[in-house]
Amino acid sequence: RYRAIDPLFGGIGKAPVTKGAMSLSVSEYSRLALSGAVCTVIVRTLLNPLELIKTKIQLGNDKELTEFTLQKALPSSKQPVSQKTPKKDTEVSKKSVDNSLSASTIQVQKRTTETEDAIGTLAMIKSLIELRGPLSLFQSADITFLASLVFGSFGFGATELFRRFFTSSFFDDTSGGNSNFGSELILLAAAALATVITSAAATPFETIRVRSMGIIESKGWKTVLGEFLAEKRMSRG
């Protein structure tokens, strides 16, 4: 069943897909694309919580989550408190005013620093779980799955397709594509072309994914897409 054992990947089949093969069948290309898609889906799904929190912090439109994070992170003694200035019959001297303004500025800067420290990634993740449940971390996971399929399958499969095409075009058959001269350049060119095609194909999915992460409550990708198209029609009309 196996002709050799690879120390990292285990048994090697009798007819494996080799790097130097100049032509592959549709089934082999499909397996390469599937491998890239599966890996990309797993990685981007695991990173979805970080992507979600990053988007929410950058947009700053989820006021409920932001206020809840501040309440949890900052002690009550450090919450903003309204202060009344006692009335005086005599006019306040300029020196007293300057000192008061300096103290107020320092307090504002200190409170701003504490607020920025409180709204960190870990604090936002904890607050989101407590406020809306663990599954809220995977908001937009459906469109992330679709985008990952496009990125992984096109990116990996197309790179291998273009690499073999360029190799067979610029190298003679006797070299078998194993010549070191220009092989790195061909690989870079194949990867660059595959990246351009993949980015063009995945742009609609990425647009809806970022938009879906930017909303406060989770919505299905079909709903987000419908609202996006409706807004575009209204803006053009």
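Which residues does Glu 64 touch, not counting residues up to four places away in sequence? I began my notebook with this question, keeping in mind that the model is predicted.

**Entry on Glu 64.** I looked up Glu 64 and found its place in helix H3, which covers residues 63-73. Leaving out residues up to four places away in sequence, I saw that Glu 64 touches Leu 131 and Arg 132. I also checked Leu 128, which is 64 residues from Glu 64 in sequence, while the two lie 9.9 Å apart in space, C-alpha to C-alpha.

**Entry on Val 38.** Val 38 has a relative accessible area of 41%, so I wrote it down as partly exposed. Together with Leu 34, Ile 42 and Leu 46, Val 38 makes a nonpolar surface patch of about 400 Å².

**Entry on H7 and H8.** How do helix H7 and helix H8 pack, and at what angle? I read that H7, residues 183-214, and H8, residues 221-236, pack at about 100 degrees, with their axes 10 Å apart. That angle means that H7 is roughly perpendicular to H8. I listed the residues that meet: on the H7 side they are Thr 207, Ile 208, Arg 211 and Ser 212, and on the H8 side they are Trp 221, Val 224, Leu 225, Glu 227, Phe 228 and Glu 231.

Technical notes
Residues are numbered from 1 along each chain as its sequence is written. This is a predicted model: local features need pLDDT of at least 70, side-chain atom pairs count only at pLDDT 80 or more; totals for chains, interfaces and linings use all residues. Side-chain values use heavy atoms; hydrogens and water are left out. Patches are made of residues with over 30% relative accessible area and no salt bridge: like charges are joined within 9 Å, nonpolar side chains (Val, Leu, Ile, Met, Phe, Trp, Tyr) within 5 Å. Accessible areas come from the Shrake-Rupley method with a 1.4 Å probe; for residues, only the protein chains shown count as cover. A salt bridge is a side-chain nitrogen of Lys or Arg within 4 Å of a carboxyl oxygen of Asp or Glu. Buried means under 20% relative accessible area, exposed over 50%, partly exposed in between (1.4 Å probe, protein chains only). Axes are lines fitted to C-alpha atoms, for helices over the stretch in contact, and angles run from 0 to 180 degrees between N-to-C directions. Helices (H or I, at least four residues) and strands (E, at least two) are DSSP runs, numbered from the N terminus. Angles under 35 degrees count as roughly parallel, over 145 as roughly antiparallel, 65 to 115 as roughly perpendicular and the rest as oblique. Contact means heavy atoms within 4.5 Å.
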